[in-house]
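Here is a short briefing on one protein chain. Please look over the fold first, then read the points below.

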Amino acid sequence: MDASMLPRHAAVSRPGLSTARAPRPLLQPQQPHHRHHQSRRQQCSVARAADNDEDKLAPAVIDVEVETAASISAAEAGRLAAAAVALQAAAEAKAHGATTATASAPPPPKAAHAHGAAFDFACPICQTTTFKMASMPTKAGSLACPRCSRKFSSTDKYVDLTLTSGLQPQVYNKAEWGGQEMFRSPAISFVYERGWRQGFSWAGFPGADKEFEIAMDYLQPAYGETVIDMSCGSGLFSRRFAKSGRFGGVVAADFSESMLQQARAYFKEDGTLGGATPIAFLRADVGRLPFATGSVAAIHAGAALHCWPNPQAALAEISRVLRPGGVFVASTFLNATAPLGQLIGNDEILRPLNQLGQLIGNDEILRPLNQFDPSGAVVRAQYKWWEEQELKDLCASVGLDRYTRERSNRFIMLCARKPGSMAQQGQA
């Protein structure tokens, strides 16, 4: 496994994981094949010296995409190679004379891709027709998939790529899960950051700023790429991702129309909308993600896993769309016995207690522990409170590995990765 894909644990709170990153080799421009007239692309990777100790071990890479005709002369190819070597030499010289930064200083972001659209969406039906957007549309319109003969609605507020987008069903209406439907209420969207989310402190959630810090540590391999903030709610973390300047774009995605509208309002209020980082608002179903297979660098889902109607199907979709080495970061609630399990260092010994509560159809047996849970029996019946091993099982079942986490009381934030390396994919 490429050490460059690991989160920066050694400098934070998870000892034992190396932060060293192996530099990628310089790719020399290839000699052209004569008498071929179609265009092809060549990529020259140029090491860029950084300004701190960590990046001396891990020079970032600038990908320069060059369109060349097949009839290019050998002399021209040689000039390209000489230019690349000169740039590399300059970068090495700069790295040799770089000053040492403090150990606590975060590494600068990787350079964002200089080519392609900021946002690559896909038809939620066939998942093969793609829609490339540099920014949000400025007026109402539609995105058409000729393969499926469907048009999906698009406005300056959000792009709707759910299965029912642009349709008015005559009879059929899908029965939505109550736990998901509640968040489509404008009232819930309004109060979410006005007291609702802050109330998660009873379970040990450390607060938005600390949660953002942990998430950013896990998301480092995706710096410079577009991050999907799935089930973004009112944009609590989407705004922070955009302000960080670490990502090439941020997609604030949710199934709730009212949450997306509230998120957009917050973005406008704090001036993040229209800033340096491109933002897209996307209505999407986590069980049918509108992204092509292997096209996404990172997905974040803050306090959301327990709200999804079918978490295993959702994680299968997340695994499908992640590229090799892609990152999945999520926070959620652990079950009532988790604090005791953490205290004794063993959740398994308490498992029969949780299973008995499920078997008898109520949680009376857990009343002494649930007295610290202000959510009430109705909420507990609608949402899934987790044992940590269940989360590990979920990730393993959909092919996500390198599981790690931060855990306190009933709060957990986990990170799992798609097998492979994003650096390897960039060199392919």
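The notes below cover the overall fold, the surface and the aromatic side chains.

The model is predicted. The protein chain holds 14 helices and 14 strands. Of its 428 residues, 46% are buried.

**Overall fold**
- Among contacts with a separation of 6 or more, 67% join residues 24 or more positions apart.
- The chain exposes about 20300 Å², and carbon and sulfur atoms supply 56% of that area.

**Surface patch**
- L340, L343, I344 and I349 make a nonpolar surface patch of about 420 Å².
- L343 sits in helix 9, residues 338–344.
- L343 has a relative accessible area of 70%, so this residue is exposed.

**Aromatic pairs**
- The structure has 13 aromatic pairs.
- F205 and F333 form a tilted pair, because their ring centres are 4.7 Å apart and their planes meet at 45 degrees.
- This pair links distant parts of the chain, 128 residues apart. F205 lies in the loop between helix 4 (186–196) and helix 5 (208–218), and F333 in strand 12 (residues 322–333).
- F205 is buried at 5% relative accessibility, and F333 is buried at 3%.
- F241 and F247 pair edge-to-face, with centres 5.7 Å apart and planes at 80 degrees.
- F241 is buried, with a relative accessible area of 0%. F247 is buried too, at 5%.
- Ring pairs also link F200, W202, F205, F333, W385 and F411 into a cluster.

**Charges over rings**
- R194 lies over the face of F190, 3.9 Å from the ring centre.
- R283 lies over the face of F255, at 4.5 Å from the ring centre.

Definitions and conventions: Residues numbered from 1 in each chain as written. Heavy atoms only, no water. Helix = DSSP H or I, 4+ residues; strand = E, 2+ residues; numbered from the N terminus. Buried < 20%, exposed > 50% of the residue type's maximum accessible area, 1.4 Å probe, protein only. Contact = heavy atoms within 4.5 Å. Areas by Shrake-Rupley, 256 points an atom, 1.4 Å probe, with all protein chains shown as cover. Patch = residues over 30% accessible without salt bridge, like charges linked within 9 Å, V, L, I, M, F, W, Y side chains within 5 Å. Salt bridge = Lys/Arg side-chain N within 4 Å of Asp/Glu carboxyl O. Phe/Tyr/Trp six-rings, centres within 6.5 Å; stacked < 30°, edge-to-face > 60°. Lys NZ or Arg CZ within 6 Å of the ring centre and 35° of its normal.
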